[in-house]
Amino acid sequence: METMHEIIPFAKEMLAQKPSRRMLKVYLVGTVVAFLGMVLGLVETVCQSFSSGEPLDAELVQLMAREQRALETEERRRHEEVATVSAAEQITIPRKLQQATGAHRGTGAANRLHAS
């Protein structure tokens, strides 16, 4: 509303100075373009609230896809680390059992047979 109060005195002043027809056309075209821009912005704002929630910007979609891939890669890497640690524990546990029982040496069993 403030701009309307500023435009009316400006229009009166322009008409009082007797501008050429060409200048009036330029101001008229500029005013129409500004008004259309305002109306289109208002329509976009109103219609955006009824949209399906999908992002309109292609760069935003690409950024979201890149973040999703990074999260999936991180999750796969963690899963592989856990699998590697589990495999290492499975290998280490039998070695500890072998060391405790002495089964890893061929001579330990032979010594016991002679001792009994």
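I began with the second largest pocket, where H1 and H2 each supply at least two residues of the lining. I am working from a predicted model.

*Entry 1, second largest pocket.* I looked up its share by helix. H2 gives the largest share of the lining, four residues. I then listed the lining: Thr3, Met4, Ile7, Thr31, Ala34, Phe35 and Met38. I sorted these residues of the second largest pocket by class and got five nonpolar, two polar and no charged. I noted a volume of about 190 Å³ for this second largest pocket.

I wrote down the lining residues of the largest pocket: Ile7, Phe10, Ala11, Met14, Leu15, Leu24, Tyr27, Leu28, Gly30 and Thr31. Eight of the residues lining the largest pocket are nonpolar and two are polar.

I checked for names on both lists. Ile7 and Thr31 line the largest pocket, and Ile7 and Thr31 also line the second largest pocket.

Why does glutamate 81 count as partly exposed? Its relative accessibility is 40%, so glutamate 81 falls between the cut-offs of 20% and 50%. I also looked up a partner for its side chain. The side chain of glutamate 81 makes a polar contact with the side chain of arginine 77, at 2.6 Å.

Technical notes
Residues are numbered from 1 along each chain as its sequence is written. This is a predicted model: local features need pLDDT of at least 70, side-chain atom pairs count only at pLDDT 80 or more; totals for chains, interfaces and linings use all residues. Side-chain values use heavy atoms; hydrogens and water are left out. On a 1 Å grid over the protein atoms alone, a cavity is a set of points where a 1.4 Å probe fits but cannot get out, and a pocket is an open set with protein on both sides within 12 Å along at least five of seven lines; lining residues have an atom within 4 Å of a point. Ala, Val, Leu, Ile, Met, Phe, Trp, Tyr, Cys and Pro count as nonpolar, Asp, Glu, Lys and Arg as charged, and the others, Gly among them, as polar. Grid points are joined across faces, edges and corners, and a volume is the space filled by probe spheres set on the points. Buried means under 20% relative accessible area, exposed over 50%, partly exposed in between (1.4 Å probe, protein chains only). A polar contact is a pair of N or O atoms within 3.5 Å; within protein, one must be able to donate a hydrogen and the other to accept it, and residues adjacent in sequence count only if both atoms are side-chain atoms.
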